[in-house]
Amino acid sequence: MKREDRRDALLDLAAGIIQEKGADALTLQTLAEAAGVTKPVTYSQFGTRAGLLNALYQRYDQRFFADFEAGLAAGPKDLEAAAALFAESFLACVARHGRVHEAAIAALRAYPEHRDIPVAIRAAFVEAASRSILRLVPAVQAPSETRMIALQGAAEELGRAVLDGQIGEDDARAEIRAVFIALVAP
């Protein structure tokens, strides 16, 4: 098995452990046991438990932006279509990885070197969202960092409300679209 394929398989298993038993149950040892591999295999892939948790949360973010950017490349050239694509991509990612993403971030915050992980996540979101959105609006009118942080916060809370059963996915999709348009429109 290729290294990248093995990494993906291990991340899938790690996500399953978090979903079934919680983030506290996830260690490189428990992952190795679940995968039927030796502990050095998990160490070579992730280095530490924090490295594994970091890989889980980054996978979520990378998949969301990969879906969003692929959709932008395939078509939407106006703000309305891009807003719909953003909402759809975000909620699809929440449905696939939401609880695991949240649990990985919460567990990472227990490590002193990762206490400011929310700042890093916001910065990565602002960079990736701005890069994607610049395809739609001229650089002169690009949304501010503050607006991108607001977009992320709104989308995350609406996604969390869907996971919690507080609101429906259609309502969340409509609100994310509206927020996107309000914050990104020149």
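User: Which helix holds both glutamate 127 and arginine 131, and how many residues apart are they?

Analyst: Both lie in helix α6, where glutamate 127 and arginine 131 are 4 residues apart, about one turn of the helix. A helix here is a DSSP run of H or I with at least four residues, numbered from the N terminus. This is a predicted model, in which local features need pLDDT of at least 70 and side-chain atom pairs count only at pLDDT 80 or more, while totals for chains, interfaces and linings use all residues. Residues are numbered from 1 along each chain as its sequence is written, and side-chain values use heavy atoms, with hydrogens and water left out.

User: What do the side chains of glutamate 127 and arginine 131 form where they meet?

Analyst: They meet in a salt bridge, at 3.7 Å from N to O; the term asks for a side-chain nitrogen of Lys or Arg within 4 Å of a carboxyl oxygen of Asp or Glu. Glutamate 127 is exposed, with a relative accessible area of 53%, whereas arginine 131 is partly exposed at 44%. These words follow relative accessible area, with buried under 20%, exposed over 50% and partly exposed in between (1.4 Å probe, protein chains only).

User: How many salt bridges does a search of the whole structure find, and which residues are linked in a network of them?

Analyst: The search finds 11 salt bridges, and the network links Arg99, Glu102, Glu157, Arg160 and Asp164. Within that group, the side chains of glutamate 157 and arginine 160 form a salt bridge of 2.2 Å, N to O. Because glutamate 157 and arginine 160 are 3 residues apart in helix α7, about one helical turn separates them. Glutamate 157 counts as partly exposed at 47% relative accessibility, and arginine 160 likewise counts as partly exposed, at 25%.

User: How are two packed helices described, and at what angle do the axes of α1 and α4 cross?

Analyst: Two packed helices are described by the angle between their axes and the distance between the axes. Such axes are lines fitted to C-alpha atoms, for helices over the stretch in contact, and angles run from 0 to 180 degrees between N-to-C directions. The axes of α1 and α4 come within 10 Å and cross at roughly 95 degrees. That makes α1 roughly perpendicular to α4, a label for angles of 65 to 115 degrees, with under 35 being roughly parallel, over 145 roughly antiparallel and the rest oblique. Among the residues of α1 that meet α4 are Leu11, Asp12 and Ile18, and those on the α4 side include Leu52, Leu56 and Arg59. With helix α3 (residues 39–46), α1 has axes that come within 11 Å and cross at roughly 105 degrees, and α1 and α3 are therefore roughly perpendicular to each other.

User: Which residues have the most contacts inside the largest nonpolar core?

Analyst: Phe64, Phe68, Phe86, Ile176 and Phe180 have the most contacts inside this core of 31 residues. A nonpolar core is a set of buried Ala, Val, Leu, Ile, Met, Phe, Trp, Tyr and Cys residues joined through side-chain atoms within 4.5 Å. The elements giving it two or more residues are α4 (49–74), α5 (79–108), α6 (117–133), α7 (145–163) and α8 (169–184), and the largest share, 10 residues, comes from α5. Not counting residues up to four places away in sequence, isoleucine 176 touches Phe86, Ala87, Phe90, Leu91, Ala155 and Leu158, where contact means heavy atoms within 4.5 Å.

User: Is arginine 173 buried or exposed?

Analyst: Arginine 173, in helix α8, is buried, with a relative accessible area of 14%. Leaving aside neighbours within four places in sequence, arginine 173 is in contact with Ala87, Glu88 and Leu91.
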